[in-house]
Every structure is written in structure tokens, then in C-alpha cells.
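Here are my notes on this model, written as a short tour. Please keep the structure open beside you while you read.

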Amino acid sequence: MSPVLQSDSNAVNRLIEARNPVGIVTESGSGQGGARRRRHTTSLMAFNETGQELSKQACAMKQNIFDNPKFFGAYMEFRRRDDGFNAALENPTMISLLPSLDGKHVLDIGCGVGNLCRHVASHGASRTLGIDPSERKLSLARSSSAELGERVEYLQTFVEDFNAPPGSFHLILSSLAIHYMEDITSVFSNVFRWLSPEGVFVFSIDHPMLSAGPRKWIRDSGGDEFWAVSDYFAEGRREFEWHGERVVKYHRTIETLVGALAACGFRIELLVEPRPDDQLLLQRPELAVARDRPEFLFIRARRATGESA
């Protein structure tokens, strides 16, 4: 049985009137002081026309390299033949960190082509909303999720422009998207507010040892190679070339990430730096570099009961 999202009647009315993209479960009195569960739902995509137009304008102004046709074509070709770190380490680690999904309302931030949305919906989540600024990615996500019906819906928007009533989701996910966001304090604060009490936030990013710079291997006089790390504590914007285009990400230390979550009221449950085990290396010896240099950082945090948004 999924936990019940608490909301007063005014919040529900605001939800229905504003047509925000969520469904909320509330408790209301019944009979001799008892309670009955009443489900108020609206379409996950039920934004009004003004909201949709503002979201489209925002997507045009911010970094949305994935709707560049040349870049998108190169990226999708890369993902089609991707049997590297994402497939071997990032995807299975994300799945392993998910809590029970039965009956949950889930938000996937930076959902891309919808892989995680389809996974959670097919493993028990009752409502899943994926948000992403890329129209091209969402087109693929929608076509590949059609068989899941209303359990999965998608919205084209940046997370910075998205809003939902407090306590709307039991679980919020983000796979390799947080490092594209300039202001994580606001993002984490909103995620905390959108989660129900005891709700879970799981996200992955490029590991800070990877994003710091200069992003290259160096060879010593003996011929041994080492991953070079510099400017680790110089946080902020990083530009690099990927698939022939300049891409912007934001480097942050682990200390900054954990501190920002704690400042919002999150309780850190797990911090994971995945690396290949011996069995995987027997099958994929080329992944051995991930034992010398971490590729990804995962954090699972919980909104503790009693913490207010």
C-alpha cells in the first residue's frame, strides 16, 4: 500500500483550478469520525495554455543542445551502440537504489527518452511524470511508452520552470541531469517541497573527479597513465566538446552537494560511487579504468517525517 499524500481542501482546489500536472490523494472525514480515501486526479499534462507557452519559451532560451538536429543524431547513434559505462554501471546502479514502487507517484527530472519512466511504471508505480526540455527526446519517450497508457506522461520543460503542489510525489529521480543545472539550491529546495513526508530523492551525476578538469589521462616517464585532476575546489561552469558541439555542465564538490541537500532538510541515506566488480571485468576488461577514476556519483536522500518544506 502506497503512503497517502496529505493535502488540505484548499490545496486540492488549487490543484484542480490551476490544472497542475499531478494527482493528489487526500483523507477526508466519513461517518462516525472515520476517514475515507478520496483521490483527486488531474492529467499529468493538464497545464493551461499559458503555462505551456511559457514552458516552450523557456526551453528556447536555456541550454537545450539535444534539439540541435546534428547533435541529436550523433547522440542517439552513440546511445544505440552504448555498451560502456552508462549501460554497465549507471543504469543498474540507479535501478538498485530505487525504493518500493508499488502505487507510487514518481517524477523523473531530465527523463530523456523515457527509459526510467518506463521502468518504474512497469514495476508498480501508479503515476509517472517525466520532464525534459528536449522535444526530440520526448517524442521518442512518448512513442515508446504508448502501451503504458495514462500511467506515464511527459512534459517539455526545464525543472527550473516546473512546479507542482507540495507533497505531490513519493519518489523523484534524476539520471545524469543535475550537472546541467546552474542553481542546485533552488532545484533541491523544490524537490524537497514536491516530495511527500518520507519521500525519496535519487539522482546521479558525472563524478566530481571527472568534471573538475582537465578531463584527460596523463602518462608519466615510466609509461603509466593517471587521470589528471585539477581545480577540484573551483566550482562552477565547465564547457567541453561532445559530439562536435560545445556543452555546458556545472562542477561541484561532493561537500557542496551533500551540504545543499542537508540545508534543505534531506537526510542522506546512501552515497554510491559504482565501479566494476571482478565478474564484470572478466566480461568487460575495458571497464577497468572505472576502478582508477570514478565515472558517476549517486546520492539517495529522504525527506524526513516532520520536516516542513
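Is Cys-117 buried or exposed? Cys-117 counts as buried, because its relative accessibility is 0%; buried means under 20% relative accessible area, exposed over 50% and partly exposed in between, with a 1.4 Å probe and protein chains only.

1. A word on the model. This is a predicted model, in which local features need pLDDT of at least 70 and side-chain atom pairs count only at pLDDT 80 or more, while totals for chains, interfaces and linings use all residues. Residues are numbered from 1 along each chain as its sequence is written, and side-chain values use heavy atoms, leaving out hydrogens and water.

2. The chain as a whole. You will find 10 helices and 13 strands; these are DSSP runs numbered from the N terminus, with helices being H or I of at least four residues and strands E of at least two. Of the 309 residues in the chain, 50% are buried.

3. The cysteines. A disulfide is a covalent bond between the sulfur atoms of two cysteines. Here the term is applied to a pair of cysteine sulfur atoms within 2.5 Å, and a search of the whole structure finds zero. The closest cysteine sulfur to that of Cys-117 belongs to Cys-111, and the 4.7 Å between them is too far for a bond. Cys-264 also counts as buried, at 17% relative accessibility.

4. The open sheet. Seven strands line up in the order β5-β4-β3-β6-β7-β13-β12, with mixed pairing; two strands pair if DSSP finds at least two bridges between them. At the edges are β5 (152-156) and β12, each pairing on one side only. Strand β4 (residues 127-132) pairs with β5 in the parallel sense over five bridges, and Ile-131 has Leu-155 in β5 as its bridge partner.

5. Helix α7. In this helix (residues 184-194), Ile-184, Val-187, Phe-188, Val-191, Phe-192 and Trp-194 are buried. Seen down the axis, the buried residues of α7 fall within an arc of 170°, so they line one face of the helix; the arc is that of the directions from the helix axis to the C-beta atoms. They pack against several elements, including β3 (105-109), β6 (169-175) and α9 (254-264), where contact means heavy atoms within 4.5 Å.
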